[in-house]
Amino acid sequence: MDIDCVPDSADTNLDRLADALRELGGRLRVGGLSDDEARQLKVQRDGTTLASFGSSTWMTDAGAIDILGELRGRDGGEVGALLDRCDCARTAGDPGRAGLDVLGHRQPDLWDG
């Protein structure tokens, strides 16, 4: 099981996401490499790098996360309308949190059935 994350592409948001990845020991998940081998890869974890990857898969000390920076809606457009239908739990300003917005989808809203 993993978490799928569709981040806002604003530079400050991607920087906060990169901060969370660093805090959680994030490393790329790479086919054909063990987790120990992936830990040895020299990967810059910052907002600029996340933006350049588009979409990427990561392992952290807390579990797996897929960052889906290039996710599109069924019509090929941006996901803004999709995000409007999500439940949002804000962690910004919470002590000990990275300041990320956490979105959870209401499944029936996403598919036609």
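I began with Asp35, which is partly exposed, with a relative accessible area of 32%. The model is a predicted one, and I kept that in mind for every entry.

**Entry on Asp35 and Arg27.** I looked up the partners of Asp35 and found a salt bridge with Arg27, where the closest N and O atoms are 3.0 Å apart.

**Entry on Asp35 and Arg39.** I found that Asp35 also meets Arg39 in a salt bridge, at 3.6 Å from N to O. I noted Arg39 as partly exposed, its relative accessible area being 43%. I also traced the shared partners: salt bridges link Arg27, Asp35, Arg39 and Asp61 into one network.

**Entry on Arg22 and Asp19.** I turned to helix H1, residues 11–23, which holds both Arg22 and Asp19. These two residues form a salt bridge, and their closest N and O atoms are 2.1 Å apart. They are 3 residues apart in the helix, so about one helical turn lies between them. I looked up both accessibilities. Arg22 is partly exposed at 37%, and Asp19 is partly exposed at 38%.

**Entry on the count.** How many salt bridges does the structure hold? I wrote down 6. Among them are the Arg22 and Asp19 bridge, the Asp35 and Arg27 bridge and the Arg39 and Asp35 bridge.

Terms used: Residues are numbered from 1 along each chain as its sequence is written. This is a predicted model: local features need pLDDT of at least 70, side-chain atom pairs count only at pLDDT 80 or more; totals for chains, interfaces and linings use all residues. Side-chain values use heavy atoms; hydrogens and water are left out. A salt bridge is a side-chain nitrogen of Lys or Arg within 4 Å of a carboxyl oxygen of Asp or Glu. Helices (H or I, at least four residues) and strands (E, at least two) are DSSP runs, numbered from the N terminus. Buried means under 20% relative accessible area, exposed over 50%, partly exposed in between (1.4 Å probe, protein chains only).
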